[in-house]
Amino acid sequence: DLGVAFVRGLQGDEDNMIAAACAKHFAVHSGPEAERHSFGVSPSKRDLYETYLPAFERLVREGRVETVMGAYNRLYGESSCANPFLLKTLLRDTWGFQGHVVGDWEAVKDIFGGHKLVKSLPEALALAIRNGLDFETGCDPRDLREGVERGLVSEKEVDAALVRLLLTRLKLGIIGKDPDCPYNDTDPNLLCCEHHRALARKMARESMVLVKNDGVLPLDPKAGPYGVAGAGASDIYSLMGNYYGTSDRTVSYLDGIAGAIDAGTSLYFRPLCVYGGDVARGNLPDTASVIVAVIGMTSAYEGEEGTTVSAEFNGDRNTLELPKVHVSVLELLQKERKKGTKIVTVVTAGSPVALNRIEELSDAVVLAWYAGQEGGNALGDLLFGKVDFTGRLPVTFPTSEGVLPSFRDYSMTGRTYRYQTKGVAHPFGYGLSYARFAFANLETKAKDEGEAVSVEVKNVGARDGTAVVQLYVSTPNAGRGAPIKSLVGFRRVPLKAGETRREIFDVDARQLMEYGEDGVARRVPGGCTYSVCL
């Protein structure tokens, strides 16, 4: 649902496009970072069809995504960028894809340089075009000319790829202006307008997750004095992940907290600069009632191959622990905590991190992720109770990296909430709120295709709030390789204190299918069971 909405937002709902969205990386991307240019995967057909392909299929069928990017790795022995099963049989013949296929940066070079499937770049280009690739990145066009001259690929095949690229440019209005295009008179000043900033703030609010709260939150904007600690509070890189644009206004976490308190409320900031590498140091006034510590990852520590600059983390992280200096910020603050000062820790990251020690050293813990240009304002809104926490974990947080399968193992066994049974610190879908909710009377009714599942949701607290209702299905008779459970729907339900509503979820028959090694979907025998989480 999120991916389809994202594509529609980028492209628009017309035949003309605002921008051409790209679904990547197709498919089963892509092995350990250091090996992805030569790595090959051969997952079971069940894992392929039930886990690795559904998101791409929905983006093509429902989102009408214009571009698909091939992955670096091989799938079943063939390069993902020259794979007739992926690019022809599935993408175009079965799903009806009408756009163009692009290879990841220099992925075509990997066909011969990394995977050793051919002996030269002209052969690699020819193989890719013949098998469904339309656009390569990073190669010399003279190698394609050589491939045509040697008869490795025909001009007709090259023309077919070129036509698909030109059609994308035509839809974008690059080739010629279409007088009927609804975007012709779009004002460029709409970019970063107040409405867009409000949306960025809303998205950041709804994505941050409250992991722990020993009663310290929400904060009183009239109380204080308040303290803010950690260099991440004023560093905009704590708001950004990899591949980010530059906004005309970026609100740091420090600025957001300062803007959320009332005039006359005291606030101090200490970055706790690093002297000597792994230890945070600095003077801390003893007047704060609550200190908000901003620690965690940035793109210096985690990111795509070659983009990180930290010696401790580079490419694939080898530990779930945060950089030592960040944990030392919390350790430094413990003397204030012993005096009665409460510690609220805000963790920035784009992937799971170890939270056990952080939770021990904190009275409340918030996962802010990389919240974007309005992240500071969103955090201020949440910490001071202007809005409630409704974010839920989109991934499972394991207890340690030791419970996870190898990066080289692309079986789903032990991976994600659907298959992991051991070593779960915080499950997929977990998150706390200021309001309290309960559910009852789960009912199921058969439909022509699928089932209708309904549940009563009640706000059992004294505060208005929004319940995040998550519906999961389990198929006990699905056989070997079946997931423990799968999310089949979720919904935000605003409820006044004491209010009860019945929510109905339409579960599509496709969500109740299982795949065999023949790649054929069949209805799971023996029925299924549903459960709800809030």
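Helices (H or I, at least four residues) and strands (E, at least two) are DSSP runs, numbered from the N terminus. The structure is a predicted model, in which local features need pLDDT of at least 70 and side-chain atom pairs count only at pLDDT 80 or more, whereas totals for chains, interfaces and linings use all residues. Residues are numbered from 1 along each chain as its sequence is written, and side-chain values use heavy atoms, with hydrogens and water left out.

## Nonpolar cores

A nonpolar core is a set of buried (under 20% relative accessible area; exposed is over 50%, partly exposed in between; 1.4 Å probe, protein chains only) Ala, Val, Leu, Ile, Met, Phe, Trp, Tyr and Cys residues joined through side-chain atoms within 4.5 Å. The largest such core comprises 42 residues, and those with the most contacts inside it are Phe 26, Val 28, Leu 53, Val 65, Leu 91, Trp 95 and Val 108. At least two residues of this core come from each of α1 (2-11), β1 (22-26), α2 (45-52), α3 (54-61), α4 (84-94), α5 (107-113) and α6 (121-130). A second, separate core has 32 residues, including Val 211, Met 297, Tyr 301 and Ala 349.

Leaving aside neighbours within four places in sequence, Leu 91 is in contact (heavy atoms within 4.5 Å) with Phe 26, Val 60, Val 68, Leu 86, Gly 96, Phe 97 and Val 101. In soluble globular proteins, nonpolar side chains tend to be buried together.

## Helix α13

Helix α13 (residues 375-383) is largely enclosed by the rest of the structure, because nine of its nine residues are buried. The buried residues are Gly 375, Gly 376, Asn 377, Ala 378, Leu 379, Gly 380, Asp 381, Leu 382 and Leu 383.

The elements against which these buried residues pack are the helices α9 (194-207) and α10 (253-260), together with the strands β10 (290-296), β11 (342-348) and β12 (364-367). After α13 comes Gly 385, which has a positive phi, near 75°.

His 426 belongs to strand β14 (residues 424-426) and is buried, with a relative accessible area of 10%. The His 426 side chain makes a polar contact (a pair of N or O atoms within 3.5 Å; within protein, one must be able to donate a hydrogen and the other to accept it, and residues adjacent in sequence count only if both atoms are side-chain atoms) with the side chain of Glu 359, at 2.7 Å. Apart from neighbours within four places in sequence, the contacts of His 426 are Val 211, Leu 355, Glu 359, Leu 393, Thr 396 and Phe 397. Val 211 is also a member of the second core.

Asn 16 is located in the loop between α1 and β1 and counts as buried, at 13% relative accessibility. Its side chain makes a polar contact with the side chain of Asp 178, at 3.5 Å. Not counting residues up to four places away in sequence, Asn 16 touches Gln 11, Lys 171, Asp 178, Cys 181, Pro 182 and Tyr 183.

## An exposed loop residue

Glu 449 lies in the loop between β15 (437-446) and β16 (451-459) and is exposed, with a relative accessible area of 59%. Excluding neighbours within four places in sequence, Glu 449 is in contact with Val 507 and Ala 509. Glu 449 and Ala 509 are 60 residues apart along the chain, yet their C-alpha atoms are separated by 5.3 Å.

## Backbone geometry

Most residues other than glycine have a negative phi, and most peptide bonds are trans. A cis peptide bond, however, joins Phe 26 and Ala 27, with omega about 10°. Phe 26 is among the residues with the most contacts inside the largest core, while Ala 27 is placed in the loop between β1 and β2 (40-41). Another cis peptide bond links Leu 217 to Pro 218, with omega about 0°; Pro 218 is in the loop between β7 (209-213) and β8 (226-229).

Cys 192 is not a glycine but has a positive phi of about 60°. Cys 192 occupies the loop between α8 (155-171) and α9, and counts as partly exposed, at 27% relative accessibility. Tyr 243, also not a glycine, has a positive phi of about 55°. Tyr 243 is found in the loop between β8 and α10 and is exposed, with a relative accessible area of 67%.
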